[in-house]
Amino acid sequence: MLEDPGVVQVAAMSSRRSRDIAKCDRGLTMDGTAPGDLTMTPQAMRQLAAKATEALVERITGLGNEKAWDGEFRNVLEGQLGGPPPEAGLPAEDVLALAVQEVLPFAARLDHPRFFGFVPSSPTWPGVIADFLAAGFNINSCTWLVSSGTGQLELVVTDWMRRWIGYPETGGGLLTSGGSAASVEAIVAAREAAGHPDRPVVYMSDQSHGALKRAALIAGARRDHIRVVPSDANFRMDVRELARQVARDRDDGLQPVAVCVNAGTASTGSIDPLPAIADFCEQEGIWLHADAAYGGFALVTERGQELLDGIDRADSVGLDAHKWFFQPYEAGALILKDKKHLEDAFAIGNDVLQDTVWGKNHPNFADRGQQLSRQARALKIWMSVRTFGMARFRAAVQNGLDLAHRAAAYVDDSPVLELMAPVSLGIVCFRVNPAGRDCSEETLEKINRTVLARVFWDDLAFFSSTSLKGVFSLRMCILNHTTTWDDVRRTLEASSDLGEEALADL
Ligand SMILES: Cc1ncc(COP(=O)(O)O)c(C=O)c1O
């Protein structure tokens with residue numbers, strides 16, 4: 001016999017109500033979760049992860065057909081994303097969709113094959129997955145006791161870097177958030193090695209990255225004790241001028257603690273005369289730090305070894321795996337010729353961590369730098385290198401070097417484009433300057449600013465600019481492992497065409 005649906009409904013409601021009351025008695029909410037429950041069922045976890053994976057694979061495999069940049073003004077984003085934290089949550093998949101559609105696309109696509117601005121990055125998938133795993137395993141790579149597995153990997157990958165630099169076995173270091181943090185830690189180590197003098201002076205070139213100046217300030221150098229040494233016509237530090245400045249400072253009773261050299265400037269890729277500056281620092285007993293945040297991983301290639309000859313004579317080297325070693329942010333490194341200087345500078349006893357002291361053979365990376373809680377950065381480097389092997393990594397780095405040289409040859413052959421600096425590592429500085437047009441510097445700057453904006457807004461590609469001793473220059477930094485010659489040629493061709501149009505419109 002069929003039951004009256006109304007009767008069934010009432011009976012179901014009353015039995016649900018009695019279950020709800022029972023749940024509330026056990027401190028559960030109506031949907032069966034405790035009020036402070038932040039967990040998900042295994043099925044919900046899998047579904048959410050699968051959706052996230054799908055979104056990522058779609059993004060990464062479709063990147064070449066997308067714009068190289070997207071962004072939005074704050075007033076628009078604030079309207080869409082602002083507001084107080086909600087009291088009740090939404091379904092996780094709706095929140096994921098919001099993040100994927102309304103937040104994450106508004107960003108420079110730094111891994112786009114035609115993104116040549118600043119110093120980009122193009123992470124490998126195993127590296128991305130490693131970050132996900134490290135978060136899921138909830139690793140804090142602070143001490144050996146807390147995470148020996150990733151501690152061991154940090155020893156392994158920093159030892160790879162030690163060998164690429166050419167340091168002896170005393171060498172070693174740690175992984176950092178990036179080049180900025182590595183610079184701070186290097187200059188602090190230098191300051192401590194110099195006996196923490198009262199009036200420290202730090203030297204760098206006029207081509208050094210702003211991160212070095214900030215690091216010197218953090219390490220305690222007064223603003224007026226940061227020396228900016230001029231560079232030569234090829235953007236390399238003038239060693240004689242460095243020597244003059246050091247002598248003058250010593251005469252004035254100041255204490256030089258570190259010279260920072262560039263092993264690949266962000267502006268032109270220029271490399272300071274490393275052997276000559278190493279000779280000078282050795283004679284003077286001054287710490288030599290090489291900022292190789294951009295250029296350092298060229299060391300995995302033979303050509304890079306030649307270009308960076310002498311880097312092993314620096315006391316410390318900073319290099320970023322989230323640049324030319326294909327890792328997701330953040331993956332910097334600081335490697336010292338003698339790692340003991342890091343622990344001399346940073347190890348601080350701490351009662352609450354006394355159980356974590358396992359002796360010299362089991363280093364606590366928190367004792368080598370400024371962070372206690374630390375991401376497991378070694379995992380991504382290790383997993384991606386183990387997956388693809390060094391032969392492929394080397395070829396991917398070499399691809400950037402080769403494409404930059406091919407780009408330089410293209411610019412040299414072009415009647416419209418002009419090379420603005422010698423190509424170094426993977427950076428090509430150029431501008432539109434049609435032969436025989438005799439444009440003034442003012443006109444050239446105007447045209448080239450227009451080209452930069454047109455490329456940006458017309459979405460073909462993305463590059464950025466720099467100022468070369470005051471002259472406006474377009475600049476491409478080529479290091480993405482998915483970039484092809486066609487990507488580079490298309491971008492240069494577009495610059496040339498847009499430049500001619502800009503000139504015609506003047
Ligand atoms: C040469 C150089 N040094 C230092 C830095 C700062 O590194 P990070 O952004 O990883 O802190 C950069 C960044 O692009 C760089 O190119």
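Visitor: What separates the centres of domain 1 and domain 2, and how are those centres taken?

Guide: The distance is 31 Å, with the centres taken over C-alpha atoms. Domain 1 covers 139-388 and domain 2 covers 391-504; such bounds come from an automatic or database domain assignment. Bear in mind that this is a predicted model, where local features need pLDDT of at least 70, side-chain atom pairs count only at pLDDT 80 or more, and totals for chains, interfaces and linings use all residues. Residues are numbered from 1 along each chain as its sequence is written.

Visitor: How many residues from each domain make the contact?

Guide: Domain 1 gives 20 residues and domain 2 gives 19. Two residues are in contact if their C-beta atoms, placed from the backbone, lie within 7 Å.

Visitor: Which elements give two or more residues to the domain 1 side?

Guide: They are helix H11 (302-307), helix H12 (321-324) and helix H14 (377-388). Helices (H or I, at least four residues) and strands (E, at least two) are DSSP runs, numbered from the N terminus. That side of domain 1 divides into 10 nonpolar, 8 polar and 2 charged residues. Here Ala, Val, Leu, Ile, Met, Phe, Trp, Tyr, Cys and Pro count as nonpolar, Asp, Glu, Lys and Arg as charged, and the others, Gly among them, as polar.

Visitor: Why are strands E8 and E10 put at the edges of their sheet?

Guide: Two strands pair if DSSP finds at least two bridges between them. The open sheet of 4 strands runs E8-E9-E11-E10 with antiparallel pairing. E8 (417-419) and E10 (464-468) each have a single partner strand, so one side of each is left without a neighbour in the sheet.

Visitor: How do you know that E10 and E11 count as paired?

Guide: They share 5 bridges in the antiparallel sense, against a requirement of at least two. In that pairing, Ser-465 has Leu-474 in E11 as its bridge partner.

Visitor: And what order do the strands take in the sheet of 7?

Guide: That open sheet goes E1-E7-E6-E5-E4-E2-E3, and its pairing is mixed. Its edge strands are E1 (172-176) and E3 (226-229), each pairing on one side only. E1 and E7 (residues 332-336) pair in the antiparallel sense over 5 bridges.

Visitor: At what angle do H15 and H17 cross?

Guide: Roughly 30 degrees, with the axes of H15 (residues 390-413) and H17 (residues 485-504) coming within 10 Å. Axes are lines fitted to C-alpha atoms, for helices over the stretch in contact, and angles run from 0 to 180 degrees between N-to-C directions.

Visitor: What makes a crossing left-handed or right-handed?

Guide: It's left-handed if the near helix is turned anticlockwise from the far one by less than a right angle, and right-handed if clockwise. H15 passes H17 in a right-handed crossing. Leu-403, Arg-406, Ala-407, Tyr-410 and Val-411 in H15 meet Trp-485, Val-488, Arg-489 and Leu-492 in H17. By class, this contact has 7 nonpolar, no polar and 2 charged residues.

Visitor: What makes the bond from Tyr-329 to Glu-330 worth a look?

Guide: The peptide bond there is cis, with omega near 0 degrees. Glu-330 sits in the loop between H12 and E7.
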